Amino acid sequence: MMLYKEPAPIKDRENPFESMMSRFNIAAEVLGLDEETYNVLKSPTRQVIVNVPVTMDDGKVRVFEGFRVVHSNILGPSKGGIRYAPDVFLDEVKALAAWMTWKCAVVDIPYGGAKGGIICDPYSMSAGEIERLTRAYTSSLVDIFGPDQDIPAPDMGTGPREMAWLMDEYSKTKGSTVHAVVTGKPLVLGGSLGRVEATGRGVMVSAMAAMEKLEMDPNKSTAVVQGFGNVGAWAAKLMAERGVKILGISDVSGAYWNDNGIDIEEAIEYKNAHNGRLEGFKGAETMNPDELLTAKVDVLVPAAVEDVITIHNVNKIQARLIVEGANGPTSYKADNIINEKGIMVVPDILANSGGVTVSYFEWVQNRMGFKWTLDRINSRAERIMNESFERVYAASQKYNVPMRIAAYIVAIDKVAMTYKYRGGF
């Protein structure tokens with residue numbers, strides 16, 4: 001089973017906050033943002049560092065360092081995942097929180113951006129250790145979290161299990177069950193239908209919208225999906241259902257190619273039966289993973305890790321359309337070359353925002369005490385993604401800028417106007 005993980009842009013090889021600001025600055029200049037608003041929007045509202053003591057299975061106490069950054073609460077309560085990773089650091093979390101602000105704004109949902117992280121290696125820890133860590137982290141941030149303040153979600157190294165523990169620990173401090181304090185929960189604890197495929201579905205919707213603008217017929221188009229995890233597998237499956245021939249896929253075990261198109265259902269079944277890996281998959285030939293990105297196809301979907309499209313390979317890319325299912329897959333330095341080549345890019349803060357959209361639906365359902373049907377969730381998510389794409393595309397035409405900068409323009413403009421309506425400082 002492919003578990004839902006809320007997507008989030010992740011660090012590049014340079015300072016991730018500076019990478020975010022490079023694109024922010026271009027959009028701010030186009031908008032003519034005044035100095036006051038610029039300074040307010042670039043700076044996180046709150047940065048919290050906590051030391052979390054945890055009793056390990058051997059009886060010893062380890063102290064873990066944790067973070068929670070609220071970038072903005074101008075549009076509403078802040079929203080963003082919690083990352084468990086050995087290399088997470090404050091500037092990364094600051095960038096992730098800022099990206100969440102722009103992601104929520106670009107799809108027009110009433111959230112600001114936040115992110116959290118704990119420096120740990122969850123894959124070397126027992127379930128009991130992770131539970132104690134999660135509960136201690138929650139207790140230390142109980143005054144930050146809240147359904148009307150700051151709403152966590154899963155990210156790298158976390159999932160529905162950790163969100164259940166967080167909700168339970170937070171609820172204990174309030175003396176009642178508070179489902180809406182967190183999203184990405186198990187279904188039985190108030191999680192939402194559609195969450196597993198939400199991000200991949202958003203990638204598919206974005207791809208179809210972009211292909212229509214480029215007058216590309218899905219039934220005559222080919223694609224490769226780099227990264228066959230939750231996002232990539234669902235994106236490939238849903239794109240294939242709409243007629244796109246998926247010629248190549250890849251994961252940590254390597255890259256796989258079939259000139260006649262890969263049977264995506266078969267690939268997903270194989271992966272699920274082999275510990276989430278494609279290694280040994282017989283439905284395609286193996287190939288050099290680096291060549292997958294530069295293969296002659298119509299659509300490229302980078303859905304794995306950050307910085308896979310760089311100045312070292314961007315000149316070799318042959319796709320007409322790039323739809324960023326991953327977070328930060330294109331380096332800042334590669335942007336200009338992509339634009340010069342005339343390749344349309346649907347940026348990550350738009351293309352993979354289907355996850356936070358369905359997270360918003362989960363929060364709404366929790367507040368209502370009522371569950372929506374899967375059809376209603378999918379139809380509403382697709383409508384939001386399509387409307388958001390049209391807004392960004394219109395901005396790109398109006399200002400004569402690439403889709404990435406247009407997405408920033410749409411997001412920053414919305415937050416800036418809201419800031420001014422609220423009266424500023």
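The expected span of a helix is 1.5 Å times one less than its number of residues. Helix α12, residues 354-368, has 15 residues and reaches 21 Å from its first C-alpha to its last, close to the 21 Å expected. The model described here is predicted.

**Helix α12**

- Of the 15 residues of α12, 13 are buried, so the helix is largely enclosed by the rest of the structure.
- The residue that follows α12 is G369, and its phi is positive, near 70°.

**Salt bridges between helices**

- The whole structure contains 26 salt bridges, according to a search of the model.
- One of the salt bridges joins the side chains of R135 and E169, with an N to O distance of 2.9 Å.
- R135 belongs to helix α4 (residues 127-140) and E169 to helix α5 (residues 160-174), so this pair ties together parts that are 34 residues apart in sequence.
- Both R135 and E169 are buried.
- Another salt bridge links E265 to K237, and its closest N and O atoms are 2.5 Å apart.
- E265 sits in helix α8 (residues 264-273) and K237 in helix α7 (residues 230-241), so the contact ties together parts that are 28 residues apart in sequence.
- K237 counts as buried because its relative accessibility is 15%, and the cut-off for buried is under 20%.

**A salt-bridge network**

- Salt bridges that share partners join R23, E324, D335, D348 and R404 into one network.

- The side chains of D168 and K172 meet in a salt bridge with an N to O distance of 3.6 Å.
- D168 and K172 are both in helix α5, where they are four residues apart, about one turn of the helix.
- With a relative accessible area of 29%, D168 is partly exposed.
- K172 counts as exposed because its relative accessibility is 56%, and exposed means over 50%.

**Nonpolar surface patch**

- I26, V30, Y332 and Y399 make a nonpolar surface patch of about 290 Å².
- Y399, one of the patch residues, lies in helix α13 (residues 374-399).
- The relative accessibility of Y399 is 30%, so this residue counts as partly exposed.

**Positions annotated as binding site**

- An unreviewed UniProt entry carries the annotation "binding site" for T199 and N230.
- These positions span 32 residues in sequence, yet no two of their C-alpha atoms are more than 8.4 Å apart, so they gather at one spot.
- T199 is in helix α6 (residues 198-213), and its relative accessible area of 0% makes it buried.
- N230 is in helix α7, and it also counts as buried because its relative accessibility is 13%.
- A polar atom of the N230 side chain lies 3.2 Å from the backbone oxygen of V196.

Key. Residues numbered from 1 in each chain as written. Predicted model: local features only at pLDDT ≥ 70, side-chain atom pairs only at ≥ 80, totals over all residues. Heavy atoms only, no water. Helix = DSSP H or I, 4+ residues; strand = E, 2+ residues; numbered from the N terminus. Buried < 20%, exposed > 50% of the residue type's maximum accessible area, 1.4 Å probe, protein only. Salt bridge = Lys/Arg side-chain N within 4 Å of Asp/Glu carboxyl O. Patch = residues over 30% accessible without salt bridge, like charges linked within 9 Å, V, L, I, M, F, W, Y side chains within 5 Å. Areas by Shrake-Rupley, 256 points an atom, 1.4 Å probe, with all protein chains shown as cover. UniProt positions renumbered as here; feature names shortened; annotations may be inferred. Polar contact = N/O pair within 3.5 Å; in protein donor to acceptor, adjacent residues only side chain to side chain.
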